[in-house]
Amino acid sequence: MTPEPPQPPQPRLPTLPDGFDFTDPDLIAERIPHEEFAALRATRSVYWNPQPAASGFDDGGLWILSRHADVREASINADLYSTHANTAIVRFYEGMSTEGLEVQRQNMLINIDPPEHTKLRKIVQRGFTPRAIGTLEDALRARAERIAADAAARGEGDFVTEVATELPLQAIAELIGVAQEDRARLFDWSNEMLGYDDPEYTVDPTVAAAEILGYAMVLAGERRADRRADIVSKLVHADIDGRGLTDDEFGFFVILLSVAGNETTRNAITHGMLAFLANPDQWDLYKHQRPRTAADEIVRWATPVIAFQRTATADTEIGGHPIRRGERVGLYYSSANFDEDVFDAPFTFDITRDPNPHLGFGGTGAHYCLGANLARLEIGLIFDAIADHMPNIRQTGPPERFRSSWINGIKHLPVRYC
């Protein structure tokens, strides 16, 4: 079965119905609203998006930024657009407590503003230097080869659970020293932590987050007492501005890695495979040339994080539209990455696209993705292995989308590998 690629918006753009909610998880479970985003970009509008009180916020909604220029501006200006005020998440689950929101605000790196964010980032980026990433490459290449070979030997199966999931999980686990027998638990916890909108995952997300936190804090405590030649030891024993990560800080950092380093790369790989299957000319090109530009086009096309949010710290304007102090703005990367003013033929999947100023790693500025180079490495390694071991892979059923307000996820993708 050949999947249908996303279709370019038609010349006649739709009118958004009253109350259209870009954060509705039922919408995202069906599709990314590309036509509606195109309508916003065409009119240069900043759209007021209503939200129910069950979204975790009681302010009635947020402003949607759809244009590349506006999303980038809000990403860069951390003084004016805060993540700490209301966190970076555009919609929480029903029943999210004030205490739970406060824990997110105070402890997650992605929800901390400069200058404290700058201090913490200076510590954790030690794990993502080119040298640190380079030490993982041989192990990850061997792992990618094994993943693809094992899948090919099965003949058919679920691409998500058997191929796309495994390498990002192993990369993060390798980076922080998770024992092999514990790695499947880390995958399950990360799914459960994000699956609050999806009926397939019935575990309380706070319980899953607590499991990751507890596991990571024990790991940090062990390395604090017994220093080893690994990244955990480097982070807890760092001397940056007179400090390293506390056990708590390391625990919340691992929670962030479970999302930013595991879930996002896994979904980029899955969407990338769907794009190749829908564009066989691009798959043939990849198999023969392996262009280095492919990983960034896959991330642009997939945009695994649909959106993050910021909160205005003062009265301002963006895109010619006034934003009041305390109002939230949604940075919609899934729209910005298809902005016709920035990308030629944005709905064409082109693995030779260069330049490719996508915002799939969170735009630029203070919160640019620490693991961007690791993600590019993983994407390249796994598609090289797929091209070598299962060049004739084909889809045998429809993908099953993840129900979420901000993750562009695929839970299952049936394929025949050979």
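Mentor: Helices (H or I, at least four residues) and strands (E, at least two) are DSSP runs, numbered from the N terminus. The model is predicted, so local features need pLDDT of at least 70 and side-chain atom pairs count only at pLDDT 80 or more, while totals for chains, interfaces and linings use all residues. Residues are numbered from 1 along each chain as its sequence is written, and side-chain values use heavy atoms, with hydrogens and water left out.

Trainee: What makes Glu297 and Arg300 a salt bridge?

Mentor: A salt bridge is a side-chain nitrogen of Lys or Arg within 4 Å of a carboxyl oxygen of Asp or Glu; the closest N and O atoms of Glu297 and Arg300 are 2.8 Å apart, so the pair meets that definition. Both residues lie in helix α14, 3 residues apart, which is about one turn of the helix.

Trainee: Why is Glu297 called buried?

Mentor: Buried means under 20% relative accessible area, exposed over 50%, and partly exposed in between (1.4 Å probe, protein chains only). Glu297 has a relative accessible area of 0%, and is therefore buried; Arg300 is also buried, at 0%.

Trainee: Why does Arg290 count as partly exposed?

Mentor: Its relative accessibility is 28%, so Arg290 counts as partly exposed, and Asp384, at 24%, counts as partly exposed too. The side chains of Arg290 and Asp384 meet in a salt bridge at 3.6 Å, N to O. Arg290 lies in the loop between α13 (280-289) and α14 (294-302) and Asp384 in helix α16, so the pair ties together parts that are 94 residues apart in sequence.
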